[in-house]
Amino acid sequence: ILVAGGREKVLSGGEANTPNNRMELLGAIAAFEALRYPCRVVFTSDSRYVVDGLEKGWAESWQKRGWKKSDGKAALNPDLWERLLKAVAPHEVTYVWVKGHAGHPYNERCDALAVAEAEKYKE
């Protein structure tokens with residue numbers, strides 16, 4: 001959910017048989033790619049994977065090492081991390097992690113949107 005100037009833009013989507021981490025990355029990518037010019041962004045998520053990967057510089061380090069983690073193992077989802085790093089680059093970002101299912105209004109709304117999208121792909 002993008003919020004600016006008192007207005008909201010809600011983005012939502014899903015894919016069949018896609019792990020949670022990939023969908024969390026795709027959600028972040030969609031949000032940053034929706035920004036039309038460089039902005040100051042407060043990116044709030046309950047995904048430690050996404051927030052830590054960006055805020056702590058893990059994704060940039062994996063990229064510099066050819067998508068290898070510090071232990072030499074392959075980093076997961078390099079295709080999406082590459083796209084997210086590119087989408088984030090022009091912006092001044094503050095990262096905020098919130099605990100999921102803890103009453104944060106936007107997080108609760110995002111969770112409801114995600115659940116609704118996942119339902120579309122249940123067999």
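Author: Apart from its neighbours within four places in sequence, Asp-52 is in contact with Gly-57 and Trp-58. The model is a predicted one, and Asp-52 has its place in helix H2.

Reader: What makes Asp-52 count as buried?

Author: Its relative accessible area is 7%. Buried means under 20%, so at 7% Asp-52 counts as buried.

Reader: Why is H2 described as largely enclosed by the rest of the structure?

Author: Six of the eight residues of H2 are buried, and therefore the helix is largely enclosed by the rest of the structure. The buried residues are Tyr-49, Val-50, Val-51, Asp-52, Gly-53 and Leu-54.

Reader: What covers the buried residues of H2?

Author: The cover includes H1, E3, H3, H4 and E4. Just after H2, Gly-57 takes a positive phi of about 75°.

Reader: Why is the pairing of Asp-52 and Arg-48 called a salt bridge?

Author: The side chains of Asp-52 and Arg-48 meet at 3.8 Å, N to O. The cut-off is 4 Å between a side-chain nitrogen of Lys or Arg and a carboxyl oxygen of Asp or Glu, so the pair at 3.8 Å is a salt bridge. Asp-52 and Arg-48 are four residues apart in helix H2 (residues 48-55), which means that about one helical turn separates them.

Reader: Is Arg-48 buried, exposed or partly exposed, and how do you know?

Author: Arg-48 has a relative accessibility of 43%.

Reader: What makes Arg-48, Asp-52 and Lys-56 a network?

Author: Salt bridges link Arg-48, Asp-52 and Lys-56. Besides the bridge between Asp-52 and Arg-48, the side chains of Lys-56 and Asp-52 meet in a salt bridge at 3.8 Å, N to O. Lys-56 has a relative accessible area of 51%; exposed means over 50%, so Lys-56 is exposed.

Reader: How many salt bridges does the structure hold, and which residue meets Lys-120 in one of them?

Author: The structure holds seven salt bridges. The side chains of Lys-120 and Glu-117 meet in one of them, at 3.2 Å, N to O. Lys-120 counts as exposed at 58% relative accessibility, whereas Glu-117 counts as buried at 12%.

Reader: Which residues of the largest nonpolar core touch the most other members?

Author: Of the 24 residues in this core, Phe-32, Phe-43, Val-50, Leu-54, Trp-81 and Leu-84 touch the most other members. Helix H1 (20-33), strand E3 (40-45), H2, helix H3 (58-64), helix H4 (78-88) and strand E4 (92-97) each supply at least two residues of the core. The largest share, six residues, comes from H4.

Reader: What is Leu-54 in contact with, leaving aside its neighbours within four places in sequence?

Author: Leu-54 is in contact with Trp-81, Leu-84, Leu-85, Val-88 and Tyr-95.

**Pocket and loops**

Reader: How do you know where empty space is left?

Author: A probe the size of a water molecule is rolled over the atoms, and this shows where empty space is left. The largest pocket has a volume of about 1800 Å³. Its lining consists of 50 residues, of which Ile-1, Leu-11, Gly-27, Ala-31 and Cys-110 lie nearest its centre. Strand E1 (2-4), strand E2 (7-9), H1, E3 and helix H5 (105-119) are the elements that give two or more residues to this lining. The lining residues divide into 27 nonpolar, 13 polar and ten charged.

Reader: What makes Tyr-37 count as exposed?

Author: Tyr-37 has its place in the loop between H1 and E3. Its relative accessible area is 58%, and exposed means over 50%, so Tyr-37 is exposed. Tyr-37 and Glu-24 are 13 residues apart in sequence and 23 Å apart in space, C-alpha to C-alpha.

Reader: Where do Asn-77 and His-101 lie, and are they buried or exposed?

Author: Asn-77 lies in the loop between H3 and H4. With 13% relative accessibility, under the limit of 20%, Asn-77 counts as buried. Its phi is near 60°, a positive value in a residue other than glycine. His-101 lies in the loop between E4 and H5. With 61% relative accessibility, over the limit of 50%, His-101 counts as exposed. His-101 has a positive phi of about 60° although it is not a glycine.

Notes: Residues are numbered from 1 along each chain as its sequence is written. This is a predicted model: local features need pLDDT of at least 70, side-chain atom pairs count only at pLDDT 80 or more; totals for chains, interfaces and linings use all residues. Side-chain values use heavy atoms; hydrogens and water are left out. Buried means under 20% relative accessible area, exposed over 50%, partly exposed in between (1.4 Å probe, protein chains only). A nonpolar core is a set of buried Ala, Val, Leu, Ile, Met, Phe, Trp, Tyr and Cys residues joined through side-chain atoms within 4.5 Å. Contact means heavy atoms within 4.5 Å. On a 1 Å grid over the protein atoms alone, a cavity is a set of points where a 1.4 Å probe fits but cannot get out, and a pocket is an open set with protein on both sides within 12 Å along at least five of seven lines; lining residues have an atom within 4 Å of a point. Grid points are joined across faces, edges and corners, and a volume is the space filled by probe spheres set on the points. Ala, Val, Leu, Ile, Met, Phe, Trp, Tyr, Cys and Pro count as nonpolar, Asp, Glu, Lys and Arg as charged, and the others, Gly among them, as polar.
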